[in-house]
Amino acid sequence: MEELDGEPTVTLIPGVNSKKKQMCFDWGPGEMLVCETSFNKNEKSETEPGCPFIYIIRKDIDVYSQILRKLFNESHGIFVGLQRIEEELTGKSRKAQLVRVSKNYRSVIRACMEEMHQVAIAAKDPASGRQFSSQVSILSAMELIWNLCEILFIEVAPAGPLLLHLLDWVRLHVCEVDSLLADVLGSENPSKHESFWNLVTILVLQGRLDEARQMLSKEADANPSSAGMCRILGDLMRTMPVLSPGNTQTLTELELKWQHWHEECERHLQDSTFAASPHLESLCKILLGDEAALLEQKELLNNWYHFLVTRLLYSHPTVKPIDLHLYAQSSLDLFLGGENSPEPLDNILLAAFEFDIHQVIKECSIALSNWWFVAHLTDLLDHCKLLQSHNLYFGSNMREFLLLEYASGLFAHHSLWQLGVDYFDYCPELGRVSLELHIERIPLSTEQKALKVLRICEQRQMTEQGKYREFHRFYGEKRLADAASLLLSLMTSQIAPRSFWVVFSAEQTYELMRCLEDFASRRPVWREPGVQRLQEDVENTKLEMLRLALARNLGRAIIKEGSLEGS
């Protein structure tokens with residue numbers, strides 16, 4: 001049985017009491033108009049509503065963010081490039097190219113995140129600062145999820161290299177340690193710094209054992225009584241078997257060496273080698289992967305997935321991808337300890353560790369505020385041949401559905417709609433019809449914008465729209481009779497969208513009205529009854545419709561031009 005989604009979030013409209021008053025609304029392509037009516041549910045209708053405002057509720061408000069617009073613009077080029085090189089991708093080069101594309105997407109996310117962080121710091125009022133900081137957190141979560149999906153689904157790292165990738169993943173997203181390291185090393189006496197042992201512990205938790213050894217050497221120099229213990233623990237860190245890139249040893253050899261090393265760590269702990277120093281003893285327990293010792297460092301670990309990777313590093317360094325979900329679930333349970341419920345991010349990461357791609361996409365669609373992330377990630381995973389079997393019930397696959405949703409959101413913006421055109425182009429099933437529906441709704445406020453839209457239509461052989469461009473050509477060549485005739489055909493057949501009319505100035509409208517009357521005066525007069533008489537009535541009706549439309553356009557043009565002159 002299909003799992004049901006939870007209840008949608010409720011959007012509260014200020015000043016409106018929906019329990020007493022009835023609401024009315026009207027849907028648009030990317031937004032909804034909502035207002036309160038004068039109708040009272042329980043009592044007599046009042047003469048006027050209590051909340052005399054009309055609210056616009058947008059579903060894709062992120063397109064109006066200046067910084068996120070850079071995300072949309074930059075990723076558009078990556079997306080189009082991926083579609084164009086699809087035919088060239090084969091064998092090993094295919095995987096390398098797809099990984100490169102994935103990293104390019106992540107670099108764009110990180111660049112936007114860094115810029116948003118700077119804006120948050122510079123914000124003058126607290127409310128704006130909190131808003132920008134919230135966006136930083138969202139972008140950070142997006143990059144965290146994408147990076148994990150890249151490791152598991154695109155790199156498809158096997159046992160051994162898998163842990164190295166996961167270590168890099170954690171180090172990239174728990175970056176406070178670098179500023180702490182600089183702070184401690186910059187002090188007069190690093191080993192006496194209040195955060196010295198926290199720093200050493202974090203370095204060990206992240207598997208940065210060379211740096212941890214360097215810090216222990218500073219403790220040995222400053223405190224001769226602990227020099228011997230520091231040297232022994234440093235040797236244990238130095239000799240820990242690790243499968244490094246380019247290393248030719250097999251997993252079996254690595255496991256055998258690791259087992260001997262683990263036994264040596266255990267022997268030192270049993271012999272109370274570090275009993276005189278609680279800090280060093282705690283570090284030795286961490287090297288042994290002791291769960292209790294790791295959980296004591298919750299504050300330094302920050303989150304359950306850091307705990308997971310550290311636990312794997314010191315207990316199961318050759319973990320297989322198929323077993324990841326077992327360790328992920330138990331790590332989450334141990335870290336939360338039944339005190340807190342998993343957050344949406346936790347559920348998304350768990351689904352990734354379970355290799356449940358469709359659940360990752362579903363959870364992200366619910367949790368994130370726009371379609372950018374799921375549309376681009378799904379497209380990339382589809383190029384990895386991971387979504388071929390997942391079709392939806394309503395005539396499209398998951399990739400195309402999400403791209404259509406994302407492109408529709410772009411069309412709500414006054415300039416980003418141009419990016420949406422390419423996304424529709426690469427949706428083979430429903431892309432063209434969606435483009436035709438959306439492009440007719442673009443408000444053509446200027447001649448330049450109208451010509452841009454028409455050029456797009458011409459390039460895609462949209463013949464009904466291409467006809468409107470032919471009208472402009474006739475008009476430009478002063479073939480006004482032909483222009484009027486074609487315009488009559490366009491308007492009365494409802495081929496030209498109503499929004500196309502706003503491009504005519506008052507002067508242009510006067511010329512068209514004159515041409516129309518000239519055209520009408522040259523029409524033949526039917527003298528015989530029957531079918532020909534009926535055809536004449538139809539033509540007369542069309543002419544009247546066009547006269548009325550031109551008159552209305554003239555009124556709008558005069559008002560618009562008068563207001564521009566007044567300003």
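Let's begin with Leu-430, which you'll find in the loop between helix H19 (417–425) and helix H20 (431–439). One thing to keep in mind as we go: this is a predicted model. Leu-430 is partly exposed, with a relative accessible area of 31%. Together with Val-433 and Leu-437, Leu-430 forms a nonpolar patch on the surface, and the three share about 240 Å² of accessible area.

Okay, over to helix H5, residues 176–185. Which residues are buried there? They're Val-177, Leu-180, Leu-181 and Val-184. If you look down the axis of H5, those buried residues fall within an arc of 105°, so they line one face of the helix. And what do they pack against? That would be helix H6 (196–205) and helix H7 (209–222). On the face turned away from the buried side, H5 carries the exposed residues Ser-179 and Ala-182.

Now for helix H9, residues 251–270. H9 has 20 residues and reaches 28 Å from first C-alpha to last, close to the 28 Å expected at 1.5 Å a residue. Its buried residues are Leu-254, Trp-258, Trp-261, His-262, Cys-265, His-268 and Leu-269. Down the axis of H9, these fall within an arc of 115°, so here too they line one face of the helix. They pack against helix H8 (227–238), helix H10 (278–287) and helix H13 (304–315). Turned away from that buried side are the exposed residues Thr-252, Leu-256, His-260 and Gln-270. And following H9 there's Ser-272, with a positive phi near 60°.

Methods: Residues numbered from 1 in each chain as written. Predicted model: local features only at pLDDT ≥ 70, side-chain atom pairs only at ≥ 80, totals over all residues. Heavy atoms only, no water. Patch = residues over 30% accessible without salt bridge, like charges linked within 9 Å, V, L, I, M, F, W, Y side chains within 5 Å. Areas by Shrake-Rupley, 256 points an atom, 1.4 Å probe, with all protein chains shown as cover. Salt bridge = Lys/Arg side-chain N within 4 Å of Asp/Glu carboxyl O. Helix = DSSP H or I, 4+ residues; strand = E, 2+ residues; numbered from the N terminus. Buried < 20%, exposed > 50% of the residue type's maximum accessible area, 1.4 Å probe, protein only. Arc of directions from axis to C-beta. Contact = heavy atoms within 4.5 Å. Expected span 1.5 Å × (residues − 1).
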